[in-house]
Amino acid sequence: GGHCGGCEINQHELVLDPIAPPVTITAQQIPEIATDAAACNCQWCADGKTFVSLVDWGTLAAGNNIFYHHSYAARCMVYCDGNLVMDMSESSIGVDGVVVPLSSDCVGARTIELQGGGHCGGCAIQG
């Protein structure tokens, strides 16, 4: 966060498809949801990481987003069930950040990992 940007699970929640009707899981149930994956190490690097396992809760549903923080020379990589599904690089993102739809390849996933950073930057999951 801050002037460096970063990855975090924005609003600290995820929308899941469990066996029953869909539910929203927050950082109260899975603390890792609120963990930033941010770094300010080098341009286009993605050294900050966060990993969320949904195995005990269900699978990712449609309707989640990625929030790209205020960043400079930033990169954000998104893995669902270990597969790289998004690899975004931006030279500059303003202080309000930007919201990008999470890849439909993540629907049904049981794990999600973010790797983010840059000169200063990263991204977050937004339910």
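Reader: Let's start with Arg75. Is it buried, partly exposed or exposed?

Author: Partly exposed: in this predicted model, Arg75 has a relative accessibility of 24%. Since buried means under 20% and exposed means over 50%, that value falls in between.

Reader: OK, and what does the Arg75 side chain meet in a salt bridge?

Author: The side chain of Asp87, at 2.7 Å from N to O. Asp87 counts as partly exposed too, because its relative accessible area is 39%.

Reader: How many salt bridges turn up over the whole structure?

Author: One, and that's with the whole structure searched.

Reader: Let me zoom out. How many helices and strands does the protein have?

Author: Zero helices and 10 strands. Reading from the N terminus, the order is β-β-β-β-β-β-β-β-β-β.

Reader: What share of the residues is buried?

Author: 46% of the 127 residues. As for the surface, the accessible area is about 5,800 Å², and carbon and sulfur atoms account for 51% of that.

Reader: And what about contacts by sequence separation?

Author: Take the contacts with a separation of 6 or more: 74% of them are between residues 24 or more positions apart.

Reader: You mentioned S10. Why call it largely enclosed by the rest of the structure?

Author: Because 14 of its 16 residues are buried. Among them is Thr111, which counts as buried at 16% relative accessibility. Gln115 is in S10 and is buried as well, at 13%.

Reader: What does the Gln115 side chain make a polar contact with?

Author: The side chain of Glu113, at 3.0 Å.

Reader: And which residues does Thr111 touch, leaving aside its neighbours within four places in sequence?

Author: Phe51, Val52, Ser53, Tyr79, Cys80, Asp81 and Gly82.

Reader: Which strands pair with S10, then?

Author: Strand S3, residues 37–39, is one of them, antiparallel over three bridges. There, Ala39 has Gly121 as its bridge partner. Strand S4, residues 48–53, is joined to S10 by six bridges, again antiparallel, and Val52 partners Ile112. S7 and S10 are antiparallel over eight bridges, with Cys80 standing opposite Ile112. S6 joins S10 through four bridges, antiparallel as well.

Reader: Staying with S6, which way do its residues point?

Author: Asn65 and Phe67 point one way, Ile66 and Tyr68 the other, and all of them are buried.

Reader: What about S6 and S9, how do they pair?

Author: S6 and strand S9, residues 98–101, are antiparallel over four bridges. In that pairing, Phe67 stands opposite Val99.

Reader: New topic, the largest nonpolar core. Which residues touch the most other members?

Author: Leu60, Ile66, Val78, Cys80, Leu102 and Ile112, out of 25 residues in that core. Strands S6 (65–68), S7 (71–80), S8 (83–93) and S10 (111–126) each supply at least two of the core's residues.

Reader: Pick Val78. What is it in contact with, beyond the neighbours within four places in sequence?

Author: Ile66, Asn83, Leu84, Val85, Met86, Leu102, Cys106, Ile112, Glu113 and Leu114. Ile66, Leu102 and Ile112 are also named among the core residues that touch the most other members.

Conventions
Residues numbered from 1 in each chain as written. Predicted model: local features only at pLDDT ≥ 70, side-chain atom pairs only at ≥ 80, totals over all residues. Heavy atoms only, no water. Core = buried A, V, L, I, M, F, W, Y, C linked by side-chain atoms within 4.5 Å. Buried < 20%, exposed > 50% of the residue type's maximum accessible area, 1.4 Å probe, protein only. Contact = heavy atoms within 4.5 Å. Salt bridge = Lys/Arg side-chain N within 4 Å of Asp/Glu carboxyl O. Areas by Shrake-Rupley, 256 points an atom, 1.4 Å probe, with all protein chains shown as cover. Pairing = 2+ DSSP bridges. Polar contact = N/O pair within 3.5 Å; in protein donor to acceptor, adjacent residues only side chain to side chain.
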